[in-house]
Amino acid sequence: MLPDEKQSNRQLAAQIKKGSTMAFNQMFELYGQRLYSFSNSLLKNHEDAEEIVQEVFFRIWKKRAELNEKKDFHSLLFSITHNLIIDKFRQRVKDKKFEKNL
């Protein structure tokens, strides 16, 4: 990530923290497709990947007051995404076990 991009992300994070929907939309435009591609490459399911991206941004907006604009926003987004993907894999395993028991 370039230094200018880090600074831009910090500014957007600070604006999101203040409740700016415009900044939130910009962040979605910057990262939505990247997060979708990352999710889809691991999950191999379009709907699940879209759901993950929606959940990531929902969580960011819900916890916007707790954002630390000094930390790397890019890393935060991908960490949340990674954790949600792991949760999705766990759910798939549970579902298969349930189906098997039926």
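Helix H2 (residues 21-43) packs its Thr21, Phe24, Met27, Phe28, Tyr31, Gly32, Leu35, Tyr36, Ser39, Asn40 and Leu43 against helix H3, where the partners include His46, Ile52, Val56, Ile60 and Trp61. Contact here means heavy atoms within 4.5 Å, and helices are DSSP runs (H or I, at least four residues) numbered from the N terminus. By class, this contact has 14 nonpolar, five polar and two charged residues, with Tyr counted as nonpolar and Gly as polar.

This is a predicted model, in which local features need pLDDT of at least 70 and side-chain atom pairs count only at pLDDT 80 or more, while totals for chains, interfaces and linings use all residues. Residues are numbered from 1 along each chain, and side-chain values use heavy atoms, without hydrogens or water.

Now for the geometry of the pair. The axes of H2 and H3 come within 8 Å and cross at roughly 145°, where axes are lines fitted to C-alpha atoms over the stretch in contact and angles run from 0 to 180 degrees between N-to-C directions.

Let's follow tryptophan 61, which sits in H3. Leaving aside neighbours within four places in sequence, tryptophan 61 is in contact with Ile16, Gly19, Ser20, Thr21 and Phe24. The C-alpha atoms of tryptophan 61 and phenylalanine 24 are separated by 7.7 Å, although the two are 37 residues apart along the chain. Tryptophan 61 counts as partly exposed because its relative accessibility is 24%, and that class lies between buried (under 20%) and exposed (over 50%), using a 1.4 Å probe and protein chains only.

Terms used. Helix = DSSP H or I, 4+ residues; strand = E, 2+ residues; numbered from the N terminus.
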